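I opened the notebook with the sequence on one side and the model on the other.

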Amino acid sequence: MKTNNYYVKRNISDLEKIEELLNELPSFCADYFLGIESRTSSQTRLKYAYDLRIFFDFLAQKKYRGVSIQEMSLQHLEGINHHDIELFLSYLSHYRFRDKYLSCDERAKARKLSAVRAMFKYFFNKGMIEVDNSAKVPTPKLHDKEIIRLDANEVSKLISTAETGYGLSPHAVGYHTKTKVRDTAILTLFLGTGIRISELVGLDNDSFNFEENSFLVTRKGGNQAILFFSNEVKYALQEYIAEKSNDPKVPSDEKAFFLSMQYKRINVRTVEILVKKYSKLVSPLKKITPHKLRSTYGTRLYNETGDIYIVADVLGHRDVNTTKKHYAAITEDNRRRVANMVKLRDDEPLPTTTPPPLPSDEE
């Protein structure tokens with residue numbers, strides 16, 4: 001399979017950021033990141049680096065006052081007990097970092113604890129510290145989050161809104177005339193295939209095979225997979241291709257499929273903004289993100305097939321239990337369907353008269 005230039009550049013950028021962050025961490029962290037390089041992606045290591053920066057900043061403020069982060073050694077790491085790590089988790093509820101006040105929810109705390117544990121485990125397994133006190137700290141309890149998704153009517157309205165711009169502000173309408181075909185293609189691809197935002201942004205012109213209605217995506221971890229799309233998706237994509245073909249401003253050497261208004265590869269933030277812009281017009285009470293569009297597709301695919309393994313394969317989940325957790329639970333459609341099944345009074349007919357009006361504030 002071909003190598004996608006976007007992911008090569010992203011990997012190089014991640015490695016450069018890790019090198020910069022290592023300057024803000026204790027020197028022994030360089031050994032740690034080198035040691036885990038062969039079994040982790042650059043994006044995973046970058047997230048670890050950001051989380052460990054917060055951890056060592058905490059230690060410099062609360063545990064080892066007067067010792068700079070760069071002066072910390074493995075002896076300092078060995079001196080951290082499980083109570084210190086519990087204090088760190090509590091600290092994350094409301095803390096200050098570089099003149100900004102921040103807070104972490106239970107999932108963000110769990111991610112940071114995971115980064116800290118991974119580092120302790122590495123040095124313990126290498127025999128460089130004698131005890132791993134991080135293993136004594138339990139993961140914060142994670143409460144299940146309700147799956148937020150669009151129903152079938154909202155999906156149709158979302159695509160129509162992207163096509164027409166109905167409901168947009170006068171200022172936004174001006175931009176919409178330039179981006180509506182692209183935006184419709186992006187939303188249609190999300191809703192018709194369930195791909196991740198990183199997978200969409202990384203698509204190139206030669207990622208598609210329209211004879212087979214298929215395209216090549218690079219999954220999390222760097223693996224590539226061939227996915228398939230419907231004729232509805234095909235039409236939206238080809239509309240966008242036709243528009244690009246007729247635009248003389250599109251650089252002839254630009255490989256990226258989805259372009260920004262500056263005729264460069266569209267970025268993740270721009271996609272997030274356009275999804276929010278249209279979805280809040282269609283469903284203002286739901287906070288819809290690109291991942292929620294993925295959830296919408298996954299739920300509908302499961303409802304249609306009843307096969308959790310197909311859903312896991314199409315969405316690129318490594319563990320089918322992840323899929324089960326998100327898509328095999330009772331859905332909003334089921335709740336609506338059973339709402340009138342439990343009767344409170346078997347023999348009493350439903351009232352046919354209109355209830356009296358509620359008293360007004362003036363009364």
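**Entry 1: terms and ground rules**

I needed a rule for helix axes before anything else: axes are lines fitted to C-alpha atoms, for helices over the stretch in contact, and angles run from 0 to 180 degrees between N-to-C directions. Helices (H or I, at least four residues) and strands (E, at least two) are DSSP runs, numbered from the N terminus.

I noted that this is a predicted model, where local features need pLDDT of at least 70, side-chain atom pairs count only at pLDDT 80 or more, and totals for chains, interfaces and linings use all residues. Residues are numbered from 1 along each chain as its sequence is written, and side-chain values use heavy atoms, with hydrogens and water left out.

**Entry 2: α12 and α13**

I began with helix α12 (residues 290-305) and helix α13 (residues 308-315). Their axes come within 9 Å and cross at roughly 150°. I then looked up the angle classes: under 35 degrees is roughly parallel, over 145 roughly antiparallel, 65 to 115 roughly perpendicular, and the rest oblique. The pair α12 and α13 is therefore roughly antiparallel.

Which residues make the contact (heavy atoms within 4.5 Å)? From α12 I listed R294, Y297, G298, L301, Y302 and T305, and from α13 I listed I308, V311, V314 and L315. I sorted them by class: 7 are nonpolar, 2 polar and 1 charged. In this scheme Ala, Val, Leu, Ile, Met, Phe, Trp, Tyr, Cys and Pro count as nonpolar, Asp, Glu, Lys and Arg as charged, and the others, Gly among them, as polar.

I also checked the hand of the crossing. A crossing is left-handed if the near helix is turned anticlockwise from the far one by less than a right angle, and right-handed if clockwise. The crossing of α12 and α13 is right-handed.

**Entry 3: α2 and α6**

Next I took helix α2 (residues 28-35) and α6. Their axes come within 10 Å and cross at roughly 90°. That makes α2 roughly perpendicular to α6. On the α2 side I found F28, C29, D31, Y32 and G35, which meet A115, A118, M119, Y122 and F123 of α6. This contact divides into 8 nonpolar residues, 1 polar and 1 charged.

I moved on to α7 and helix α11 (residues 268-282). They pack at an angle of about 125°, with axes 9 Å apart. That makes α7 oblique to α11. Their crossing is right-handed. In α7, E154, K157, L158, T161 and A162 meet Y278, S279, L281 and V282 of α11. By class I wrote down 5 nonpolar, 2 polar and 2 charged residues.

Then I looked up H176, which lies in helix α8 (residues 170-193). Is H176 buried or exposed? Buried means under 20% relative accessible area, exposed over 50%, and partly exposed in between (1.4 Å probe, protein chains only). H176 has 4% relative accessibility, so it counts as buried. Leaving out residues up to four places away in sequence, H176 touches T161, A162, E163, T164, G165, L168 and Y278. I also noted the C-alpha distance from H176 to T164: 8.6 Å, for residues 12 apart along the chain.

**Entry 4: two positive phi angles**

R98 is not a glycine, yet has a positive phi of about 55°. R98 is in the loop between β1 (95-97) and β2 (100-102). With a relative accessible area of 53%, R98 is exposed.

N213 is not a glycine either, and has a positive phi of about 50°. I found N213 in the loop between β3 (208-209) and β4 (214-218). At 11% relative accessible area, N213 is buried.

**Entry 5: cysteines and K141**

How many disulfides does the structure hold? I counted 0 disulfides (pairs of cysteine sulfur atoms within 2.5 Å). C29 has 0% relative accessibility and counts as buried. C104 is buried as well, at 13%.

K141 sits in the loop between α6 (106-125) and α7 (152-164). K141 counts as exposed, at 63% relative accessibility. From K141 to E106 I noted 7.1 Å, C-alpha to C-alpha, for 35 residues apart in sequence.

**Entry 6: the whole protein**

The protein has 15 helices and 5 strands. Of its 363 residues, 40% are buried. Among contacts with a separation of 6 or more, 62% come from residues 24 or more positions apart.

Technical notes
Contact = heavy atoms within 4.5 Å.
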